[in-house]
Amino acid sequence: MALAASDPAADTTNICSHCERAIPSSNIDLHYAHCSRNLEKCKICGDMVPRKHAEEHYESTHAPVTCSLCSEMMDPENLALHKGEKCPKRIVTCDYCEFPLPAVDLFEHQEVCGNRTELCHLCNRYIRLRERVAHEVTCNGTPAEIPRSIREAERERGARRPPPPPRDLSTRRLLFTIAIAGIAIFLGSLLFQRKPDISQAN
Ligand SMILES: [Zn+2]
Ligand SMILES: [Zn+2]
Ligand SMILES: [Zn+2]
Ligand SMILES: [Zn+2]
Ligand SMILES: [Zn+2]
């Protein structure tokens, strides 16, 4: 009878009740003795950790850490994200002046900083820094834009200028001037005519 000559236990595995790993059945007793004595399951991450390094594992992997910038305590896995994107004290730079400042002050700073204006050298207009990026996309770059519109406005104003005063008014003024001059000449000639009279009387 040569059936089932091989040992069936050699190809099967048992699950270790301590670490829950599959262990060849032939080794299970030895494994379990070693495993249960030396390893323990971390309650936080579920890793099997050597018993004598369990505290070390907790301290280095799971103990809350303090953000060196804002002193907030958090799980260590959140620290990198916190410092990179969330910490209110992390240093960021202003979009407009590139001055470095704590993130918590950025909004207020940019409200003021973005309202400053700067001359666009393409169109010669003063553009708010907060609108500069959008402006650079739409700026047609022709410096003539503003002068042309001023010229058009002036031309329109010229067309709307009140008409010159009616001609008869200026004619009347001219006649009045002639009349005054005529009276002056007349008076002058009267005086001139009297002089010979006086000299003759003497
Ligand atoms: Zn085990
Ligand atoms: Zn752990
Ligand atoms: Zn922080
Ligand atoms: Zn700024
Ligand atoms: Zn422009």
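These notebook entries record what I looked up in the structure above.

**Entry 1: the model**

I noted that this is a predicted model, in which local features need pLDDT of at least 70, side-chain atom pairs count only at pLDDT 80 or more, and totals for chains, interfaces and linings use all residues. Residues are numbered from 1 along each chain as its sequence is written, while chains are lettered from A and ligands numbered from 1 in the order in which they are written.

**Entry 2: overall picture**

I found 7 helices and 10 strands in the protein. Helices (H or I, at least four residues) and strands (E, at least two) are DSSP runs, numbered from the N terminus. I then looked up burial: a residue is buried if 20 or more other C-beta atoms lie within 10 Å of its own, exposed if 12 or fewer, and partly exposed in between, with C-beta atoms placed from the backbone. Of the 202 residues in the protein, buried ones make up 0%. For contacts, I used the rule that two residues are in contact if their C-beta atoms, placed from the backbone, lie within 7 Å. Among contacts between residues at least 6 apart in sequence, 2% join residues at least 24 apart.

**Entry 3: confidence**

I looked up pLDDT, the predictor's confidence in each residue, from 0 to 100. The protein has an average pLDDT of 80, and 66% of the residues score at least 70.

I located alanine 103 in helix α4 (residues 103-113). Alanine 103 is partly exposed because 15 other C-beta atoms lie within 10 Å. Setting aside neighbours within four places in sequence, I found alanine 103 in contact with Pro88, Arg90 and Val92. Between alanine 103 and lysine 89 the C-alpha to C-alpha distance is 5.8 Å, and the two are 14 residues apart in sequence.

I next turned to lysine 86, which lies in helix α3 (residues 76-86). Lysine 86 has 14 C-beta neighbours inside 10 Å and therefore counts as partly exposed. Its C-alpha is 8.7 Å from that of alanine 103, a residue 17 places away in sequence.

**Entry 4: the loop between β7 and β8**

I placed phenylalanine 99 in the loop between β7 (91-93) and β8. Phenylalanine 99 has 11 C-beta neighbours inside 10 Å, so this residue counts as exposed. Not counting residues up to four places away in sequence, phenylalanine 99 touches Thr93 and Cys94. From phenylalanine 99 to histidine 109 I read 9.8 Å, C-alpha to C-alpha, with 10 residues of separation in sequence.

Glutamate 98 lies in the loop between β7 and β8. I noted that glutamate 98 has a positive phi of about 60 degrees although it is not a glycine. Glutamate 98 counts as exposed because it has 7 C-beta neighbours inside 10 Å.

**Entry 5: two further loop residues**

I found asparagine 124 in the loop between β9 (117-119) and β10 (126-128). Asparagine 124 is not a glycine, yet it has a positive phi of about 65 degrees. With 13 C-beta neighbours inside 10 Å, asparagine 124 counts as partly exposed.

I located arginine 51 in the loop between β4 (48-50) and α2 (54-61). Arginine 51 is exposed because 12 other C-beta atoms lie within 10 Å. Apart from residues up to four places away in sequence, arginine 51 touches Asn38, Leu39 and Glu40. Arginine 51 and serine 36 are 15 residues apart in sequence, and their C-alpha atoms are 9.5 Å apart in space.
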